[in-house]
Amino acid sequence: MKQVAGLVAVLGLLVVADLALRRVLSPYQLQVVVLCGINVVLAVSLNLINGFTGQFSIGHAGFMALGAYGSAMFSLNLGARWVTKLQGLGLPEPIAAAPALLMALLVGGLLAALAGYLVGLPSLRLRGDYLAIVTLGFGEIIRVLILNIDVIGGARGLPGIPGWANVFWVGAGVAAVVALSRNLAHSSHGRALFAIRDDEVAAEALGVDTTSYKVLAFVIGAFFAGVAGGLFAHFLSYLNPNSFTFIKSIEVIAMVVLGGMGSISGSVLAAIVLTLLPELLRPVKEYRMVIYSLMLIVLMITRPQGLLGTRELSLAWLRRRRPAREAA
Amino acid sequence: MSEFLQQLVNGITWGSVYALIALGYTMVYGILRLINFAHGDVYMLGAFFGLFAARWLGAARNPGPVQAVEVLALAMAGCGVVGYIIERFAYKPVRRSSRLAALITAIGVSLLLENGGILLFGADPKFFPQVITPRNIALGGGVTISNQQIIILVVSLGLMLGLRFIVLYTRVGKAMRAVSHNHTAAALMGISVDRIISFTFVLGSVLAAAAGVLVALQNPKIEPLMGIMPGLKAFVAAVLGGIGNVPGAVLGGLVMGVAEVMVVGYLSPTYRDAIAFVLLIVILLVRPAGILGKAAAEKV
């Protein structure tokens, strides 16, 4: 009952936020907010694989691409028809689009999850950097395949995707992935993932089925990367394989590491910071990326454990800090 | 058949460039367990340093082997310095932190070199002067090889043999091998681990610079982002051969170069970037430690 109330409250808040932000912000600012949200979903989902389980994946853009193209193809071929039918019944567009978009995101997520399963399987045999390089290879293979499939636009890109995603949907995606990560972290399954991260051999000796947990982390992480891809596709209405290069995967990793491996709030914070930073640096445009990369290096040198380390930002933590400071 | 042999010649030439870059990856990995993402960008810098050296020497006006050697040497020296600076100011401070922090630092350095390159050299491609006048030499059976290809092959082979000599037969090479086994034990034996690490970076960067100049001789269009893909593929080549293993890197590079040229020749150029990774996944599924790598049993 409490959970249902929480869900209703979150959804209500998101509707209000969506309507309010649309009035207050310029289209550019709105786009930055939505991109922040999409990057948060990506970072938190990668945190499940890299931060929780300690498996090093650098192919997150590949999962995102699968989700983006999968959901876009669904919407173009099927979802759009659903929406016209529902609109024929007299429903306004945002509501009529809801089931189609939800389905599209699910299709994209499941497609990516399937790929996550396939990539997770070699983690049976590969460890550390070898696994990393296989995930990297996977991401690149996906991109090259997309480039070569003409039905989905190839190198020209895929235009005309219905622009159903908005602050509400992105917010719902963020809420879903954060809630799932949090619950997972506090469950026995989450403990098993942490155990694998801390010492795989010891975890196995204690009876943790390391293989299936590693694959599980890949599947869940990939699913949400796919959802993020779907949101991305339905927000920008246009997809291009160049959005999903190895650089995109690197960006997401930078978010996870900068936030602090394994910290959900850290990933959220770092995703927002690293999305806003290049935007805020726009006035100094030619120095933008140079400053960005310098800051990344300096941050890693000064705070190698990430902004939050493995801690979580929470009200209880803030409350505990204050007396400590007063005592000192 | 002659077409196949021609592709093989081209593949081996291209592969030896990958091998030169892969050597830098594999040495740094062997010693620090760090994927030096900035290595591909050092290769890019090598090409640009070569360009500046060639302009400075006026090598475009009077091309010749002496000028070519000077250009190569200056580019290699320049990148050696860059390699030293990168190690000293970016990697050394994070060496005691987690490997991931080091990796993100490497990514940061890579982005810095790319975007710094765009800022300083401009994003538009530059043309590398023809230091060597191109000429084709028939090998018989319809196979031809250009003198540039011969230079690439000879210079890379020479550098690889030089590296092999350094690693196997000199004091510093012995120290490198010791450090790659165990930092602490090496330090206890009186080896200055810091200096060996710096030396490794310089050595790797010098080889990458040579690769950059050699490639620029054949494909004169150079730009600040040219290092990303070759860098990535050279790393894949190093993993393919068994990362941390010097002969493995050479073998991996050659396999990769030949495979890539064959795919472009017989399948489709659009799959060029994918073959490297398909090959990698297939080989790693069969031999998880790479072709020449030794599977390390985990000690508890």
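In this predicted model, residues 24 or more positions apart make up 76% of the chain B contacts that have a separation of 6 or more. Chain B holds eleven helices and four strands. Its radius of gyration is 19 Å, close to the 19 Å that the globule rule gives for 300 residues, so chain B is as compact as a globular protein of that length. Along the principal axes, the C-alpha trace of chain B spans about 60 × 45 × 35 Å, and 53% of the 300 residues of chain B count as buried.

Let's zoom in on one helix pair. The axes of H6(B), residues 171-181, and H8(B), residues 193-218, come within 10 Å and cross at roughly 105 degrees. Angles of 65 to 115 degrees count as roughly perpendicular, so H6(B) is roughly perpendicular to H8(B). On the H6(B) side, the contact is made by Val172(B), Ala175(B), Met176(B) and Val179(B); H8(B) brings Val193(B), Ile196(B), Phe199(B) and Thr200(B). By class, this contact has seven nonpolar residues, one polar and no charged ones.

Now for the partner chain. Where the two chains meet, 29 residues of chain A are in contact with 35 residues of chain B.

The residues of chain A that touch chain B comprise 22 nonpolar, three polar and four charged.

Methods: Residues numbered from 1 in each chain as written. Chains lettered and ligands numbered in written order. Predicted model: local features only at pLDDT ≥ 70, side-chain atom pairs only at ≥ 80, totals over all residues. Helix = DSSP H or I, 4+ residues; strand = E, 2+ residues; numbered from the N terminus. Rg over C-alpha atoms; globule rule 2.2 N^0.38 Å. Buried ≥ 20, exposed ≤ 12 C-beta atoms within 10 Å, placed from the backbone. Contact = placed C-beta atoms within 7 Å. Nonpolar A, V, L, I, M, F, W, Y, C, P; charged D, E, K, R; others polar. Axes fitted to C-alpha atoms, helices over the stretch in contact; angles between N-to-C directions. Parallel < 35°, antiparallel > 145°, perpendicular 65-115°, else oblique.
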